[in-house]
Amino acid sequence: MSYSIPKTMTAWQQNVYGGPETLTRTDVPVPQPGEGEVLIKIGASSLNGADIRIMRGDPKLLRLGFGMRGPREKIRGKDVAGTIVAVGPRVFGRSVGDRVVGELPGGGLAEYVVAYSSKLTTIPSGVDDRIAATLPLAGGTAWQALESVNTDRGASVLVIGAGGGVGTFTVNLATWAGAHVHALCSPRAIDAVTALGAERVDDRTTTSTESLESDDYDVIVDLGGVVPLRELRRLVRDGGDVVEIAGGGNSVVGPLGRAIGSQAMSTWSKKHLRPLLATKRPGLTKALLDLVASGEITPHIDREFSLDSADQAVKTLDDGGVVGKILVVPGS
């Protein structure tokens, strides 16, 4: 099997930190796969909050790793699914024509991208590229938030900020595990979060955590870092866990101060507050793909955009109000 590969491709590049207006649609050379790499013709890419943080260089501490004056990776889009169309030297177990998905440093807002073969996961035949592209970062983060805490059948789980990409996956996975899920989300997300299995869904704009009962939850997953740590500790039972995912903090160090506070409050306490720094784990992507293929979980896709409108996709996510995942699909 062989594919005709053009010399140039459409991509959205960013040279300086800032908002969606810093993205520029341009034609660039199609990258060539190096040792251990493959070239992927992108079928779909999904956007995440991490793409927005990198785009804006916010918090500023982030720039130490991603570039001081502007992002080193010029093309946003970390989650990519598509078809291998070329294979570089010393690639084993992958062939042209294989469909794969993975979390990359960037490159998703384009027609083609190169990736290390070892960082990719094979997509089962029954799973569409659009669905597969939603899984690596958001689904993997949700899995890691729940894997080391007690979400056994019958556990009581509170998800704060349940309407976003990670939040919807957290509800879906906790429900699949047999937990009783209480979700707080925006009014726009209530129907979707209910459909994903939450037993109780409240409007986050009108329901304060102060109105909830103390010691009522085995696990709290907090997305956004808005609720005070002492309030979260009040709500969780002895022996329970509060998992903090990103959010909060100032423009310089971001959630680092809150993470330190979480660790301090857990010292000598029966209630565990722990910040989560999710990592890329292709094995989790495979587990999620298997659950999707068997119909046990169903990612929620808010909307999709063509590659020509990728800047609008980024702006939509940046503006807030997206429920679940947002996709960019070349050729759509």
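Strands β9 (residues 180–185) and β10 (residues 200–203) run parallel and are joined by 4 bridges. The model is predicted.

**Strands β9 and β10**

- His 182 has Arg 200 as its bridge partner in β10.
- Between the two strands the chain passes through helix α6 (residues 190–195), and this β-α-β crossover from β9 to β10 is right-handed.

**Strand β11 and its partners**

- Strand β8 (residues 156–160) pairs with β11 in the parallel sense, over 4 bridges.
- Within that pairing, Val 159 has Val 221 of β11 as its bridge partner.
- Strand β12 (residues 236–245) also pairs with β11 in the parallel sense, over 6 bridges.
- Here Asp 222 has Glu 244 of β12 as its bridge partner.
- A right-handed β-α-β unit is made by β11, helix α7 (residues 229–235) and β12.

**Strand β3 and its partners**

- Strand β3 (residues 37–47) is mostly covered, with 10 of its 11 residues buried.
- β3 and strand β4 (residues 79–87) pair in the antiparallel sense over 8 bridges, and Leu 39 stands opposite Ala 86 in β4.
- β3 and β6 run antiparallel and are joined by 5 bridges, with Val 38 standing opposite Ala 115 in β6.
- Strand β15 (residues 325–329) pairs with β3 in the antiparallel sense over 3 bridges, and Leu 47 stands opposite Ile 326 in β15.
- In a regular strand, side chains alternate between the two faces of the sheet.

**Tyr 116**

- Tyr 116 is found in strand β6 (residues 112–116).
- Tyr 116 and Gly 34 lie 82 residues apart in sequence, and their C-alpha atoms are 8.6 Å apart in space.
- Apart from neighbours within four places in sequence, Tyr 116 is in contact with Glu 35, Gly 36 and Glu 37.

**Helices α1 and α10**

- Two packed helices are described by the angle between their axes and the distance between the axes.
- Helix α1 (residues 49–56) packs with helix α10 (residues 310–319) at an angle of about 100°, and their axes are 10 Å apart.
- Angles of 65 to 115 degrees count as roughly perpendicular, and α1 and α10 are therefore roughly perpendicular to each other.
- From α1, the residues Gly 49, Ile 52, Met 55 and Arg 56 meet Val 314, Leu 317 and Asp 318 in α10.
- The residues of this contact of α1 with α10 divide into 4 nonpolar, 1 polar and 2 charged.
- An α-helix has 3.6 residues a turn, so residues three or four places apart point the same way.

**Helix α4**

- Helix α4 (residues 135–147) is mostly covered, with 11 of its 13 residues buried.
- The buried residues of α4 include Leu 135, Pro 136, Leu 137, Ala 138, Gly 139 and Gly 140.
- Also buried in α4 are Thr 141, Ala 142, Gln 144, Ala 145 and Leu 146.

Terms used: Residues numbered from 1 in each chain as written. Predicted model: local features only at pLDDT ≥ 70, side-chain atom pairs only at ≥ 80, totals over all residues. Heavy atoms only, no water. Pairing = 2+ DSSP bridges. Right-handed = clockwise from strand over helix to strand, strands pointing away. Axes fitted to C-alpha atoms, helices over the stretch in contact; angles between N-to-C directions. Parallel < 35°, antiparallel > 145°, perpendicular 65-115°, else oblique. Contact = heavy atoms within 4.5 Å. Nonpolar A, V, L, I, M, F, W, Y, C, P; charged D, E, K, R; others polar. Buried < 20%, exposed > 50% of the residue type's maximum accessible area, 1.4 Å probe, protein only.
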